[in-house]
Amino acid sequence: MVTDYFKNRYSIRAYNPDREVSGELINSLLDKAIHAPNTGNMQTYSVIVTRDPEQIAHLAPSHFNQPAIRGAKAVLTFCLDFNRFNAWCRINGTEPGLDNLQGFVWGVIDTAIFAQQFCTVAEMEGLGTCYLGTTTYNAGQIAETLRLPKEVVPVITVTVGYPAEQPGVQPRLPLSAVVHTEFYEEPDEAGIRDIYAEEEALESNRRFVAENGKDSLAAVFAEVRYPRSANEQFSRVYKEFLKNQGIGI
């Protein structure tokens, strides 16, 4: 059932090495995904499909050689694409106005929706997918590898293949933590602790905390996985890349 799919889905990082994913199948799935909602039906996005193992190997270092990309049968790089839309405007004698924060946010949101719709239809067809959160870290390297022109920016990378694992559903925060009725209800300290209690109690997360020598799961996230220094450094690099690509924010 469709409802079971949404509650039981999980990311796949290990793929069957003996089963290929054809270009025809990828295009068929993208033909469904392209009907995702987007701002003004401008569709300011593109996707680069990489299936050649050598090309995947060229992309892998930009994603820190994660297992998910090394074993993928296809790698899809979803990009914000103002290049095509802007060219259309200019050949029709008008100057587009998307090279700013508002346009950037529109483009990122629409690209993300497109990518997620692809993942959904791909998984419903029996494929496994995994988002790589490293795309914005090394956007310049990815752009060089994929020969992206000005006004095109990599936003999301998705690896694809037939599953070779069943990792199981990852825990999520309780619905009450993310749903607010009519107005935002800010929880007090006790409420915050209650929201994260189940996640903190998981044996895998308790082990994660111990392995990193921290005293809480929050400290692992804030000080090890996503520390301020790294976030600020990648922000500077990404902002400079956006500027070079003609995106002003």
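A residue is called buried here under 20% relative accessible area, exposed over 50%, and partly exposed in between, with a 1.4 Å probe and protein chains only. Glutamate 123 is buried by that rule, because its relative accessible area is 13%.

Before going on, the basis. This is a predicted model, in which local features need pLDDT of at least 70 and side-chain atom pairs count only at pLDDT 80 or more, while totals for chains, interfaces and linings use all residues. Residues are numbered from 1 along each chain as its sequence is written, and side-chain values use heavy atoms, with hydrogens and water left out.

Back to glutamate 123. This residue forms a salt bridge with arginine 9, with 2.9 Å between the closest N and O atoms. The two partners sit in distant parts of the chain, 114 residues apart: glutamate 123 in helix α6, and arginine 9 in the loop between α1 (2–8) and α2 (23–33). A salt bridge here is a side-chain nitrogen of Lys or Arg within 4 Å of a carboxyl oxygen of Asp or Glu. Helices (H or I, at least four residues) and strands (E, at least two) are DSSP runs, numbered from the N terminus. Arginine 9 is partly exposed, at a relative accessible area of 24%.

How many salt bridges does a search of the whole structure find? The count is nine. One of them joins the side chains of aspartate 81 and arginine 84, at 3.3 Å from N to O. Aspartate 81 is buried, with a relative accessible area of 7%, whereas arginine 84 is partly exposed at 41%. Another is between glutamate 95 and arginine 90, at 3.1 Å from N to O. Glutamate 95 is exposed, with a relative accessible area of 55%, and arginine 90 is partly exposed at 41%. Arg90 and Glu95 also belong to a network of salt bridges that takes in Glu151.

Is valine 152 buried or exposed? Valine 152 is buried, because its relative accessible area is 5%.

Next, the spaces. On a 1 Å grid over the protein atoms alone, a cavity is a set of points where a 1.4 Å probe fits but cannot get out; a pocket is an open set with protein on both sides within 12 Å along at least five of seven lines; lining residues have an atom within 4 Å of a point. Grid points are joined across faces, edges and corners, and a volume is the space filled by probe spheres set on the points.

The largest pocket holds about 940 Å³. Its lining has 33 residues, and those nearest the centre are Arg13, Gln170, Arg172, Arg225 and Tyr226. At least two lining residues come from each of α4 (67–70), α6 (101–124), β3 (128–132), α10 (203–211) and α11 (217–225). By class, the lining has 16 nonpolar, 11 polar and six charged residues. In that scheme Ala, Val, Leu, Ile, Met, Phe, Trp, Tyr, Cys and Pro are nonpolar, Asp, Glu, Lys and Arg are charged, and the others, Gly among them, are polar.

The second largest pocket has about 220 Å³. Which element gives the largest share of its lining? That is α9, with five residues. The lining residues include Ile192, Tyr196, Glu199 and Phe221, and the classes come to five nonpolar, one polar and three charged.

There is one cavity of 30 Å³ or more, and the volume of the largest cavity is about 60 Å³. Around the largest cavity are Pro171, Arg172, Leu173, Pro174, Ile195, Glu198 and Glu199. Four of these are nonpolar, none polar and three charged.

Last, the surface. Leu173, Leu175, Val178, Val179, Ile192 and Tyr196 make up a nonpolar patch with about 540 Å² of accessible area together. Patch residues have over 30% relative accessible area and no salt bridge; like charges are joined within 9 Å, and nonpolar side chains (Val, Leu, Ile, Met, Phe, Trp, Tyr) within 5 Å. The areas come from the Shrake-Rupley method with a 1.4 Å probe, and for residues only the protein chains shown count as cover. Both α8 (175–178) and α9 (189–201) supply at least two patch residues. Tyrosine 196 is in helix α9 and counts as partly exposed, at 38% relative accessibility. Tyr196 also lines the second largest pocket.
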